[in-house]
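Good morning. I have one structure to show, and I will go through a few parts of it in turn. Please look at it first.

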Amino acid sequence: MKMAENLVIVESPAKAKTIEKYLGKKFKVVASMGHVRDLPRSQMGVDADNNFEPRYITIRGKGPVVQDLKKHAKKAKNVYLASDPDREGEAIAWHLAHILDIDQTAKSRVVFNEITKDAVKESFKHPREIKHELVDAQQARRVLDRLVGYNISPVLWKKVKKGLSAGRVQSVALKLIIDREEEINAFKPEEYWTIDGLFSYNNKTFKAKFLHESNKPKKLKNDKDVKAIVGQLKSDLFDVTDVTKKEKLRNPALPFTTSSLQQEAARKLNFKARKTMMLAQQLYEGIDLKKQGTVGLITYMRTDSTRISDTAKAEAAGYIEENFGKAYLSKRKVAAKGGAQDAHEAVRPTSALRTPTEMKAYLTRDQLRLYKLIWERFLASQMAPAVIDTVSVDLVHEQIKFRANGQTVKFKGFMSVYVEGNDEETEEGENRLPELNVGDKVKAVNIEENQHFTQPPPRYTEARLVKTLEEKGIGRPSTYAPTIDTIQKRNYVKVDQKKFYPTELGQIVHESVKEYFPEIIDIDFTVNMETLLDKVANGEMDWKKVISTFYGDFKTHVERAEQEMEKIEIKDEPAGEDCEKCGSPMVYKMGRYGKFMACSNFPDCRNTKAIVKTIGVPCPKCSNGEVVERKSKKNRIFYGCNNFPECDYLSWDKPIARKCPKCDTQLVERKKGKQTQVVCTNCDYDEKPQ
């Protein structure tokens, strides 16, 4: 069989299949199946005494792949390395060049941001050398993470529990979740009041809120403050003293970066970051569109940039004009947000003309949902702003001022296609006010006094955590999904109702790392390290110097921890009952998935059972017992007192540790659709759903 003149190596078989169709008979495209070389798993693999020289080996199980690649490379005239267009991809190309003895100065590297026929063919006209500064930045991250992980983890194994780990980004993510939990536990609600009025004019009603007394803002802290205001209202007639009308423009959200895509897919589609990235990878690598052939439907999905190519802008403009009209075209010039990986564009469809409706036949349900989100966001980003008419009306009686705010959408613009979601799940709706002029009199139909309490900060959802990591500059968007996965797999956090809660084990590990390795959870330190890695990628700094600067202090901390850290025994607490098999006392043990009950006579007796889960709330009925989580015969969770049958307290709603600030009765978490709301079991107190 005659070998092809040109060999092209990509990471995945899906990508190989798509590209081979574009390049024709003179090209053979094969997959390396990701990385072929890495640091060994069984040892450090970094020589700290020899300028941090990494020792790379062929990844276990990749031998046959490497042999196959060598065989193909030997017979080809030219070898092209077409791994992904980022630091990771550059490193894969560099490792392949080493294994296949490809000249490092040869123009063997080919990159494309989208897998379409034109983009791929064009990129093969401009092969380049491997960019060593990008490889160095990836090596620096890999070596740094190895030094941290392989130095701290054994200390945790020795002093706390086998199987634990700590890493640069995962330790900071865990810290954020624990800090938030502490804020919630320390939170003391503060009382405040509002006065809300329902007004009428020409048989139309509208709402307004109390604003000023004698033209000065007044905080209403209690019932007394409210009565002092309401007591001044002698009649139900108010004068319209001011009407302010404005036209407001609302601009569309920028096209997706990796991070904003993960956040929006979590909010709107309920996808975990890992699932979003997996589906995006499939859309990028190529979908078989039958007669049209296999095509990558979106651009490369690992990017910090919101830049869009001129050709993509022009194509979108043509589509918008044809389907919506000229008025819907964007006129604004947006400076793209550049980032560490701004070699790329934003995540966008490779063609605006491939609408979600047309692609429906070729995609799975979830692929389609993600593609639709990316397509709509991109199209909206290229559209005209929405025009919103706002009106603000001041209503005065005696010295008491209420204000009504109204808004109506005059021109939908981009909102015809897509509106960005938010974490609070509040969407500004339209609020129409009657046509009012200064001098008009309006009637107060109802004046309502409402008591409120300030709310604790919300726990992190996956979208909120990704947003915070990005805002603080911790890690890179491509690391968020594996980081969030790791802290769950290690049982450092658990997810309940889509919110992260730290576990007891997570808190123990966090406290150990905080005391002995403070820089690992220092946000400024982590952010600064990302900046240094970017400098390496830009060729401004030597990667080994970055490692060396970090390692000096870190090594001292490791030595101190090995000597001084006391062994934390996660002791077997007595469970207060005897084993039904051998009569020995049962104890609580910490397992991979949390606590369980086991016989103390292990290994002679291997009896174990699940424990009744306490939730840290004393029984609201008898006060002596603790509330525990139980399951009904139909597997539905309910809550009861552990002193049952002496105490018969039962609740379908989960009691929480705080008492009602209004009447000092038990607060519970009540399911409200997909959300959870904290409500009082006695009075009308409730908190905003989460």
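Which helices each supply at least two residues of the lining of the second largest cavity? They are α9 (273-285) and α14 (477-489). Before going on, the background: this is a predicted model, where local features need pLDDT of at least 70 and side-chain atom pairs count only at pLDDT 80 or more, while totals for chains, interfaces and linings use all residues. Residues are numbered from 1 along each chain as its sequence is written, and side-chain values use heavy atoms, with hydrogens and water left out.

Helices (H or I, at least four residues) and strands (E, at least two) are DSSP runs, numbered from the N terminus. A cavity is a set of points on a 1 Å grid over the protein atoms alone where a 1.4 Å probe fits but cannot get out, and lining residues have an atom within 4 Å of a point. For volumes, grid points are joined across faces, edges and corners, and the volume is the space filled by probe spheres set on the points.

The second largest cavity has a volume of about 30 Å³. α14 gives the largest share of its lining, 4 residues. By class, that lining has 3 nonpolar, 1 polar and 4 charged residues. Here Ala, Val, Leu, Ile, Met, Phe, Trp, Tyr, Cys and Pro count as nonpolar, Asp, Glu, Lys and Arg as charged, and the others, Gly among them, as polar.

The largest cavity holds about 50 Å³ of space. Its lining includes Ser 165, Tyr 492 and His 510. In that lining, 7 residues are nonpolar, 4 are polar and none is charged.

Next, strand β14 (residues 386-397). Of its 12 residues, 11 are buried, meaning under 20% relative accessible area with a 1.4 Å probe, protein chains only. Two strands pair if DSSP finds at least two bridges between them. β14 pairs in the antiparallel sense with β11 (residues 237-250) over 11 bridges, and Lys 246 stands opposite Thr 390 in β14. On β15 (residues 400-411), β14 also has an antiparallel partner, over 11 bridges. There, Asp 394 has Arg 403 as its bridge partner. β14 and β15 form a hairpin with 2 residues between them, and Glu 398 in the turn has a positive phi of about 55°.

Last, Cys 647, in the loop between β25 (637-641) and β26 (650-651). Is Cys 647 buried or exposed? Cys 647 is buried, with a relative accessible area of 6%. Leaving out residues up to four places away in sequence, Cys 647 touches Cys 619, Lys 621, Cys 622 and Cys 641, where contact means heavy atoms within 4.5 Å.

Note on methods: Buried means under 20% relative accessible area, exposed over 50%, partly exposed in between (1.4 Å probe, protein chains only). On a 1 Å grid over the protein atoms alone, a cavity is a set of points where a 1.4 Å probe fits but cannot get out, and a pocket is an open set with protein on both sides within 12 Å along at least five of seven lines; lining residues have an atom within 4 Å of a point.
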